[in-house]
Amino acid sequence: MRHTLKRTIKNLFLLLAVPFYGLYLLLSLLGNPDGTFQTFSQLLSLIPGKTGIYLRAAFYRLACPETSDDILVGFLTVFSHRDTSIHKGVYIGPQCNIGKCTIGENTLLGSGVHILSGNEQHNFSDSQTPIQQQGGKYTKVKIGEDCWIGNCAIVMADVSDKSIVAAGSVLTRPIAEFGVIWGGNPAARISSRTKESNKC
């Protein structure tokens, strides 16, 4: 019964989000689609409480590829790229900045987490040219399933399934090993979540 009620509420908010999505599509035709997407993300991030949570989930379900509406996106959290996929059961805390990424099922992001679109967004090799004029490359970072990214962590590279990135860490290189715990700046392997790997 509870599941049915929740699904009904989510469907209602999907209907409420359709005008926002339609306006977003229209304005995208007139300018920069990512810039327009950021504007709507910033606007929706300001809506507090359950209303904001449901409306953000509905809008991202419509606007972002392969995104579920069974997600929770906290107050003041903004997305910078439409090419972002958020899967079922994901929790994203308040005041996060989400770049181009895929976040797997049942992953948790604490407050103030920043997921950058890779670590090559800004070229800076030419000292005679301002950095903002040198361009860069945006990479779609992959965060695996059942991960926990702690408060204020900065993630610039892929994270494997069931891994943990400790609060305040700066992850600059991919986590390839399954179920590991990384921490520090730059982040390094601390231990593993699996009992076998923790045996001495």
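**View 1. Asn 106 is partly exposed, at a relative accessible area of 45%.** Here, partly exposed lies between buried, under 20% relative accessible area, and exposed, over 50% (1.4 Å probe, protein chains only). Asn 106 sits in the loop between β6 (101–103) and β7 (108–109). Its phi is positive, about 60°, although Asn 106 is not a glycine. Helices (H or I, at least four residues) and strands (E, at least two) are DSSP runs, numbered from the N terminus. This is a predicted model, in which local features need pLDDT of at least 70 and side-chain atom pairs count only at pLDDT 80 or more, while totals for chains, interfaces and linings use all residues. Residues are numbered from 1 along each chain as its sequence is written, and side-chain values use heavy atoms, with hydrogens and water left out.

**View 2. Glu 66 is another non-glycine residue with positive phi, near 50°.** Glu 66 belongs to the loop between α3 and β1 (72–73). Its relative accessibility is 65%, so Glu 66 counts as exposed.

**View 3. Strands β14 and β15 form a hairpin with two residues between them.** β14 covers residues 180–184 and β15 covers residues 187–192. The two strands run antiparallel and are joined by five bridges. Strands pair if DSSP finds at least two bridges between them. Val 180 has Ser 192 of β15 as its bridge partner. In a regular strand, side chains alternate between the two faces of the sheet. Pro 186 is in the loop between β14 and β15. The peptide bond from Asn 185 to Pro 186 is cis, with omega near -5°.

**View 4. The structure holds 10 aromatic pairs.** Phe 13 and Tyr 54 form one that is stacked, because their ring centres are 5.3 Å apart and their planes meet at 25°. Rings of Phe, Tyr and Trp (its six-membered ring) pair if their centres lie within 6.5 Å; planes under 30 degrees apart count as stacked, over 60 as edge-to-face and the rest as tilted. Phe 13 lies in helix α1 and Tyr 54 in helix α3, so the pair ties together parts that are 41 residues apart in sequence. Both Phe 13 and Tyr 54 are buried.

**View 5. Phe 37 and Phe 59 form a stacked aromatic pair, 6.3 Å centre to centre with 20° between the planes.** The pair links distant parts of the chain. Phe 37 lies in helix α2 (residues 33–45) and Phe 59 in helix α3, 22 residues apart. Phe 37 is buried, with a relative accessible area of 0%. Phe 59 also counts as buried, at 0% relative accessibility.

View 6. Cys 96 is buried, with a relative accessible area of 2%. Cys 101 is buried too, at 0%.

**View 7. The largest pocket has a volume of about 210 Å³.** On a 1 Å grid over the protein atoms alone, a pocket is an open set of points where a 1.4 Å probe fits, with protein on both sides within 12 Å along at least five of seven lines; lining residues have an atom within 4 Å of a point. Grid points are joined across faces, edges and corners, and a volume is the space filled by probe spheres set on the points. α1 (2–30) and α3 (49–63) each supply at least two lining residues. α1 gives the most, with five residues. The lining includes Arg 2, Leu 5, Lys 50, Tyr 54 and Asp 70. It divides into seven nonpolar, no polar and five charged residues. Ala, Val, Leu, Ile, Met, Phe, Trp, Tyr, Cys and Pro count as nonpolar, Asp, Glu, Lys and Arg as charged, and the others, Gly among them, as polar.

**View 8. The second largest pocket holds about 160 Å³ of space.** Among its lining residues are Gln 38, His 81, Asn 97, His 114, Ser 117 and Tyr 138. This lining divides into three nonpolar, eight polar and no charged residues.
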